[in-house]
Amino acid sequence: MSAEQVKNRLRPFGISFEKSLSDLIKGIRYNNKDPEKLAKFLEDSIQECRDELRMPDMELKSIAILKLTYLEMYGFDMSWCAFKVLEVMSSQKFQHKRIGYLAAIQILQRNNNDDALMLITNLLKKDLSSSNFVESGMAISGIASIVSPELAQDICDDIAKMLNHSKPFIRKKAVLAMYKIFLKYPESLKLYLDRLVDKLEDEDVSVVSATVNVICELAKKNPSHYVDLAPRLYVNQD
């Protein structure tokens, strides 16, 4: 039996010979005093991650994406793995999906990731409609962080529907995400501002607070459009 076959048989039982994020951090700290050794270690680590991303095992891919996300903070351009990030985001396992969203928030904001952002829309719509409200909340947070003008136009209606979600946790996140959508796609203000303003009457105080903050931020840009809301904002503040 080859070494690779042994790894594949042991990995489902939590036994893995690949480097974890902890191993990567320890290696960086160990080589930190020698710039040449550190550069070589980082180069080898990135190549190792490239090899891991070619493997069919999703656990291995998610750990590789997690390590690349950490290395991105050292100034390395990780936009080359954007499509692998989408693959991890689409995993049915929440732990993998969470790593994918973390990487997406950090990596997919690059200017050269337009193709990946085009493909992410359907995945985001699917996660928004998940029966697991934690996944829905994670999708809303991801949208608020990576939203582009094109994505805002495609996803604004889906986020607006989340304003009436049964969970206050989701409604609050949706209110805050709508602000980011308004910034990227100003035309949506005409369509969805009234639905946002309705959240001033929400039964949950955190949702009302988020709504007040969003309206105040919008009013900074064009105060005259929000003068009529002043009495309602005063009542909520009181």
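Biologist: How many salt bridges does a search of the whole structure find, and what makes a pair of side chains count as one?

Modeller: The search finds 13 salt bridges, where the term stands for a side-chain nitrogen of Lys or Arg within 4 Å of a carboxyl oxygen of Asp or Glu. Please keep in mind that this is a predicted model, in which local features need pLDDT of at least 70 and side-chain atom pairs count only at pLDDT 80 or more, while totals for chains, interfaces and linings use all residues. Residues are numbered from 1 along each chain as its sequence is written, and side-chain values use heavy atoms, with hydrogens and water left out.

Biologist: How do you know that Asp-44 forms a salt bridge with Lys-40?

Modeller: The closest N and O atoms of Asp-44 and Lys-40 are 2.7 Å apart, which is within the cut-off, so the pair counts as a salt bridge. Both residues lie in helix α3 (residues 35-53), four residues apart, about one turn of the helix; helices (H or I, at least four residues) and strands (E, at least two) are DSSP runs, numbered from the N terminus.

Biologist: Why is Asp-44 called partly exposed?

Modeller: Buried means under 20% relative accessible area, exposed over 50%, and partly exposed in between (1.4 Å probe, protein chains only). Asp-44 has 39% relative accessibility, so it falls in the middle class, and Lys-40, with 46%, is partly exposed as well.

Biologist: What makes Lys-161 and Asp-157 a salt bridge, and are these residues exposed or partly exposed?

Modeller: Their side chains meet at 3.5 Å, N to O, which is again inside the limit, and therefore the pair qualifies. Lys-161 and Asp-157 are four residues apart in helix α9, and so they are separated by about one helical turn. Lys-161 has a relative accessible area of 53%, so it is exposed, whereas Asp-157, with 30%, is partly exposed. Elsewhere, salt bridges that share partners join Glu-48, Glu-52 and Lys-67 into one network.

Biologist: How many aromatic pairs does the search find, and why is the one between Tyr-70 and Tyr-74 called tilted?

Modeller: There are two aromatic pairs in the whole structure. A pair of aromatic rings is described by the distance of the centres and the angle of the planes. Rings of Phe, Tyr and Trp (its six-membered ring) pair if their centres lie within 6.5 Å, and planes under 30 degrees apart count as stacked, over 60 as edge-to-face and the rest as tilted. The rings of Tyr-70 and Tyr-74 have centres 5.7 Å apart and planes at 50°, so they pair, and the pair is tilted.

Biologist: Which residues of helix α11 are buried, and why are they said to be on the same side?

Modeller: The buried residues of α11 (residues 188-197) are Ser-188, Tyr-192, Leu-193, Leu-196 and Val-197. They cover an arc of only 145° around the axis, and therefore they are on the same side of the helix; the arc is that of the directions from the helix axis to the C-beta atoms. On the other side, Lys-190, Leu-191 and Asp-194 are exposed.
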